[in-house]
Amino acid sequence: MFKRSATASLTVSALLLILILSPSALAVEPIGPNDLIYFIMTDRFNDAAPNEFYANKKDASGYHGGDFQGIIEKLDYIESLGFTAIWISPVVDNQSGGYHGYWAMDFYKVEEHFGSMDDLKRLVDEAHMRGMKVVFDIVINHTGSLHPYVYDRPDWFHARRLITDWNDLQQVENGWLAGLPDLDQSNPEVMEYLTDMALWWIDQTGVDGYRIDTVKHVQKEYMAEFVRAIKALHPGFYLIGEVFDGNAANIEGYRSTGIDGFLDFPMYYGISDTLAKDGGPEALGKAVVSGSMYSNRNLMGTFIDNHDVPRFVNRLDEPAKKLLQALAVTMTYTGIPVLYYGTEIALPGGYDPDNRKDMVFEENEITRAVRKLTGIRKENPELVYGDIDLIGLGPEGFAYQRTYGGSSTVLLLNLSGDTLDFSFMLPYASAFSSYVDLYDPSVGGAITGGSIKLTAAPRSFYILKLR
Ligand SMILES: [Ca+2]
Ligand SMILES: [Ca+2]
Ligand SMILES: [Ca+2]
């Protein structure tokens with residue numbers, strides 16, 4: 001008996017020692033539907049390490065000094081908001097001015113402004129120690145204009161030609177996007193280089209996923225080859241693609257590449273048109289319906305803004321109320337919520353680079369709401385895994401029902417500036433007799449004859465748990 005327990009405690013100590021000595025060996029679950037992602041532009045997030053290389057916060061188009069150390073120091077904050085993963089802008093060495101990371105100079109080197117390879121590894125380890133996951137942004141479509149291979153290996157690139165006709169797939173795939181040298185993936189050397197590179201960063205850092213940039217600018221067969229190479233060695237590695245397109249069928253067309261999920265641009269446009277632009281419920285309803293085309297709906301990324309579009313609150317007359325409605329949608333919708341840094345404080349910003357202002361770490365009512373909303377998502381599996389059904393409410397309301405197993409929750413938005421009485425039938429109500437608002441539990445009532453009656457405050461949202 002004594003002997004057995006001594007062996008057991010020795011095993012535990014040995015395990016602890018292993019955990020302490022090699023944090024990178026800490027296993028985290030693969031990224032999945034129950035994750036929530038916080039998207040960081042490293043240069044603009046938190047300047048913690050001394051700036052050994054030129055940085056000037058007054059230059060909107062230059063390096064500001066944000067770094068990996070700065071992210072490490074804010075992991076507890078990000079975790080406190082309820083996020084379980086971070087996506088960071090590309091980490092590879094960029095040419096001068098490439099603070100955003102999309103102008104690669106050396107695919108096998110860490111950008112010196114952000115820190116060292118050791119700093120990057122430490123960031124992944126620190127995240128993993130908290131059970132958080134890390135996604136790197138990766139670009140395999142193009143390089144920076146000054147990349148040495150543009151001159152040394154011209155056969156690695158398509159002939160220099162701008163994209164002028166966006167309906168011509170050949171141009172979209174082989175043209176120089178924004179004048180950037182377009183890699184020719186039909187050259188086997190290029191494919192090998194890119195797949196080796198993607199695998200190398202995984203081996204070096206233990207990163208958990210890639211957000212793949214500019215997916216529609218790479219021919220599908222080569223994107224599929226790239227994905228196969230990663231998945232063959234890392235089956236649980238999460239890939240989320242950027243197909244910048246408002247049409248769900250076009251996005252779903254890239255599922256054949258093996259990419260797990262995509263940033264849900266149609267939903268972004270729906271949220272923007274209905275909530276930011278006051279365009280009525282149709283746009284949002286259409287986006288929800290078109291979402292049924294996605295074969296991996298729960299692995300899509302739901303977002304209300306990012307580094308390539310004006311921030312949601314840009315030029316809004318009622319920014320806080322509309323932002324809270326948009327966030328309520330993000331946290332109750334199908335797909336993984338992806339929040340752009342700063343959205344949790346209603347950081348303002350128009351078109352690039354105005355939408356990439358330095359983060360300000362001062363919490364406000366939006367921050368508190370984000371915390372509450374992420375908590376509601378985590379505690380109610382129907383919001384993560386549930387089916388979704390639209391509920392018709394007329395021109396000034398919007399609602400859907402999420403149902404999973406025996407659980408069901410309704411999101412309701414009052415789109416008008418007036419107090420309104422809503423009365424509506426639930427698509428699935430038989431088992432329920434009452435409802436309570438998960439966000440404000442003082443709101444609740446009875447479900448009679450399968451229908452809900454609720455007086456909704458101007459520009460409000462309700463997350464009604466059915467009981
Ligand atoms: Ca710095
Ligand atoms: Ca550099
Ligand atoms: Ca291309």
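How many residues of domain 1 are in contact with how many residues of domain 2? Before we get there, some ground rules. This is a predicted model, where local features need pLDDT of at least 70, side-chain atom pairs count only at pLDDT 80 or more, and totals for chains, interfaces and linings use all residues. Residues are numbered from 1 along each chain as its sequence is written, while chains are lettered from A and ligands numbered from 1 in the order in which they are written.

As for the opening question, 17 residues of domain 1 are in contact with 15 residues of domain 2 (contact means C-beta atoms, placed from the backbone, within 7 Å). Helices here are DSSP runs of H or I, at least four residues, and strands are runs of E, at least two, both numbered from the N terminus.

Then there's the sheet. Eight strands make an open, parallel sheet in the order β8-β7-β6-β5-β2-β1-β10-β9; strands pair if DSSP finds at least two bridges between them. β8 (261–262) and β9 (301–302) are at the edges with a single partner strand each, so one side of each has no neighbour in the sheet. Further in, β5 (133–138) runs parallel to β6 (209–212), joined by four bridges, and Val135 has Gly209 in β6 as its bridge partner.

Key:
Two residues are in contact if their C-beta atoms, placed from the backbone, lie within 7 Å.
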